[in-house]
Amino acid sequence: MRVQHDIREPFAAGVSEPLGGDPAGAEQRRTPSLLDDTNKAIIRELQKNGRKPYGAIGKVVGLSEAAVRGRVQRLVEAGIIQIVAVTDPIQLGYRRQALIGVNTSGDLDAIADRLRETDGIDYIVAAAGRFDMLLEVFTADDDDLLDLMMRIRRIPGVDHTEVFTYLRLIEQRYDYGVR
């Protein structure tokens, strides 16, 4: 399962903001009123088990099943949470995983648009430090990784890439909590 992220839109409230500055309303996205203590408790329960029944969550947070369902729906509609299936890429046939550092020149948004259209890239972020962008990729094998690298390097404005091949996934977590 491939998830496409728009790096111009926040991934989650308070985590990132669009490239190119802080447009009107960004401060509100950082501290949304929907994140009261009850909704935070609901989110924590869903981070433990995204399939947990709303009735069971309601017992933990002191609400009815219907009230939990309504709150979850509002959190989803507001873009604060997504409920998705997380897959094991290895079991789906993606035997090569890597992080690619990209140095660019020119319009970062235009380069991001081209990268977004490139199959095989699952995560795109603008970064500070050694690289302008970081890409997480999953490919079937080394030949597919090489092919993907060549497609990335042909994008106008991509000046340099460096590949960090994953040898083994030690831990992957999604329970970083809410503030």
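Visitor: Which residues of helix H5 are buried?
Guide: In this predicted model, Ile111, Ala112, Leu115 and Arg116 are the buried ones in H5, which spans residues 108–116.

Visitor: How are they arranged around the axis of H5?
Guide: Looking down the axis, the buried residues fall within an arc of 140°, so they line one face of the helix.

Visitor: Which residue caps the N-terminal end of H5?
Guide: Asp107 does. One of its side-chain oxygens sits 3.1 Å from the backbone nitrogen of Asp109.

Visitor: Let's zoom out. How many helices and strands in the chain?
Guide: Six helices and four strands. Starting at the N terminus, the order is α-α-α-α-β-α-β-β-α-β.

Visitor: What share of the chain is buried?
Guide: Of 179 residues, 30% count as buried. The accessible surface is about 11200 Å², and carbon and sulfur atoms hold 50% of that.

Visitor: What does the side chain of Arg96 pair with?
Guide: The side chain of Asp142, through a polar contact of 2.6 Å. Leaving out residues up to four places away in sequence, Arg96 also touches others, including Val137, Phe138, Leu145, Thr165 and Tyr166.

Visitor: Switching to charges. How many salt bridges does the structure hold?
Guide: Nine. One of them joins the side chains of Arg71 and Asp36, at 3.2 Å from N to O.

Visitor: Which parts does that pair tie together?
Guide: Arg71 is in helix H4 and Asp36 is in the loop between helix H1 (26–30) and H2, so the bridge ties together parts 35 residues apart in sequence. Asp36 is partly exposed, with a relative accessible area of 30%.

Visitor: Why can such side chains pair at all?
Guide: Opposite charges can pair when the charged atoms come close.

Visitor: What does Lys48 bridge to?
Guide: Glu45, with the closest N and O atoms 3.2 Å apart. Both residues lie in helix H2, three residues apart, about one turn of the helix.

Visitor: Where does Lys52 sit?
Guide: In the loop between helix H2 (37–48) and helix H3 (54–61). Lys52 is partly exposed at 22%. Besides Glu45, it touches Ile57 and Val60, not counting residues up to four places away in sequence.

Visitor: Last topic, the surface. Which residues form the nonpolar patch?
Guide: Val84, Val86 and Tyr174, with about 280 Å² of accessible area together. Val84 lies in the loop between helix H4 (65–77) and E1, and is partly exposed, with a relative accessible area of 46%.

Terms used
Residues numbered from 1 in each chain as written. Predicted model: local features only at pLDDT ≥ 70, side-chain atom pairs only at ≥ 80, totals over all residues. Heavy atoms only, no water. Buried < 20%, exposed > 50% of the residue type's maximum accessible area, 1.4 Å probe, protein only. Helix = DSSP H or I, 4+ residues; strand = E, 2+ residues; numbered from the N terminus. Arc of directions from axis to C-beta. Polar contact = N/O pair within 3.5 Å; in protein donor to acceptor, adjacent residues only side chain to side chain. Patch = residues over 30% accessible without salt bridge, like charges linked within 9 Å, V, L, I, M, F, W, Y side chains within 5 Å. Areas by Shrake-Rupley, 256 points an atom, 1.4 Å probe, with all protein chains shown as cover. Salt bridge = Lys/Arg side-chain N within 4 Å of Asp/Glu carboxyl O. Contact = heavy atoms within 4.5 Å.
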